[in-house]
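Hi,

Here is the structure I promised to pass on.

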Amino acid sequence: MTQQAVAAPDKLDAAVLKVAGVVVLGAIMSILDVTVVSVAIPTFQREFDASYARVAWTMTGYTLALATVIPLAGWAADRFGTKRLYMVALALFTIGSGLCATADSIGQLIAYRVLQGLGGGMLMPLGMTIMTRAAGPNRIGRLMAVLGIPMLLGPIGGPILGGWLIDTASWHWIFLINLPIGVIALVYAQMALPKDAPEPSESFDFLGMLMLSPGLALFLYGISSLPEAGTFADAEVWAPMLVGAALVVAFVRHSFKPRHPLLDLRLFANRNLTVASVTLFVFIIAFMGAGLLFPSYFLQVRGESTLTAGLLMAPQGIGAMLTMPIAGMLADRVPVGRTVPFSLVLIVAGFFAFTQVDPGTSYVLLCGSLFVMGLGMGGTMMPIMTSALKTLHAQEVARGSTLVNILQQIGGSVGAAVMSVILTNELNGSRPIPGVTDPSGKPVTEAGLAIATQQQPELLAQFPVDPGLIERGLDFAARSFSGTFWVAFALVLVTFVPAAFLPRRREPAHLLDGQQGDEQVKTPVVIH
């Protein structure tokens, strides 16, 4: 089927902005939930008596669920209708939020977070599909610039809102807050979104999904079990890693057989897509994985309240808010190979301060570093994603979008799992306190007691210990965080290698050539 290309105006008109309001509301809700939970991780550790690596699965499970449903969203939208499916996703996310507030074990919370992720994962690709149809593909950079600013309310407001709710009420309210937002979003979507026009859809690769998602989950579960098991020789570590790796390898081999695979790995024949995807994947593992640890450092080593930790994280979101609209406009005009390396330099400069943290590092230095990192992040992610898809033909955009977005979520899952395992392993090396055990009978370490007393000073009365022990414990904890940040810092430096191959000259943008294939043009980017 061919369609006549219609020239769209350069500016985003009122009709587009009205529909954008629905997408922004859904995006804020799902992104808010990621950042809200980041400041709650130490609270979950305390409430459910679980290790950092175990609690990090509240993030890992969520992002893996996002990755699972991203390819399903495009197929289901064609089959059932975009508006109808978007409202189902909103309802699923809202119900999952309510269930999270009822969790009485860490296992239940992780399961409900997965349910949330299944809804949240569909919100962004469906919302962006709706937006691309409304705005037209030739305004993608401007569209991302407009949508990027309000969506940054999540990274800025999430930690602050989460900290305030935990301090003034309880952790349950970081999930309950989604209930009224979800209801408002459902009513708004019913009123503002155009009616559905379902069409016959292409076949869906269910077999591929049954290999990729469980394979990644098992592999990451094996990695996450390492701190408690203490060795790769433990069956709880190597068995799930081996089965997971086998499933992922089988998925890669399978992906070249179906006409419509879950991930079209054949698109990697496009050099720009490959370079941008590798750059994005490595960057997200490093930056998103370490980003979860920033609030934990403020809470566990510095003894700040969750609200204060949230406020201390705000400069990063503010920095990104300043550069994201500029980067969105430049992505339409300037090759990303000329802009992204400068943004990565800002991230490296800001990140270095966190490799030097101790129990008394200046907050002026750390907040300034977060602001500089935010400036760099705003100029990195969207230009790379735009570059990945800009030279694809129109009929390849939907599959390219799916590929890039899943890689983004997988990178976030891997980063959260790996960085939490490194930190937990570092903390486990602290010296045990003779004669002191926790309620389960495990020995309490100096770092463990020092961290606990930062949030619960009354523990000092129960464990009368030398003040020097607490000081040693905090020093060890700070070194554990800085050691983990060094690993992330090295990974950010590695990002410069694929970034050096990003396009430095303007190339024909097939996405803008007005060609239409059998598939509808869908959005190129999803921000999470």
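How many salt bridges does a search of the whole structure find? The search turns up three, where a salt bridge means a side-chain nitrogen of Lys or Arg within 4 Å of a carboxyl oxygen of Asp or Glu.

Before the details, a bit of housekeeping. This is a predicted model, so local features need pLDDT of at least 70 and side-chain atom pairs count only at pLDDT 80 or more, while totals for chains, interfaces and linings use all residues. Residues are numbered from 1 along each chain as its sequence is written, and side-chain values use heavy atoms, with hydrogens and water left out.

Now for the salt bridges. Side chains of opposite charge can pair when their charged atoms come close. D264 pairs with R266, with 3.1 Å between the closest N and O atoms. D264 is buried at 4% relative accessible area, whereas R266 is partly exposed at 35% (buried is under 20%, exposed over 50%, partly exposed in between, using a 1.4 Å probe and protein chains only).

Next, E446 and R472 meet in a salt bridge at 3.0 Å, N to O. This pair links distant parts of the chain, with E446 in helix 21 and R472 in helix 23 (residues 467-499), 26 residues apart. R472 is partly exposed, with a relative accessible area of 38%. Salt bridges with shared partners put R431, E446 and R472 into one network.

The R431 side chain meets that of E446 at 3.7 Å, N to O. R431 sits in the loop between helix 20 (397-427) and strand 1 (432-437) and E446 in helix 21 (residues 446-455), so this pair ties together parts 15 residues apart in sequence. R431 is exposed at 53%, but E446 is buried at 7%. (Helices are DSSP runs of H or I with at least four residues, strands are runs of E with at least two, and both are numbered from the N terminus.)

Finally, take a look at two packed helices. Helix 17 (residues 340-352) and helix 18 (residues 363-378) pack at about 160°, their axes 7 Å apart. The axes are lines fitted to C-alpha atoms over the stretch in contact, and angles between N-to-C directions run from 0 to 180 degrees. Helix 17 and helix 18 are therefore roughly antiparallel (over 145 degrees; under 35 is roughly parallel, 65 to 115 roughly perpendicular and the rest oblique). Residues in the contact (heavy atoms within 4.5 Å) include L346 and F351 of helix 17 and V372 and M373 of helix 18.

Cheers
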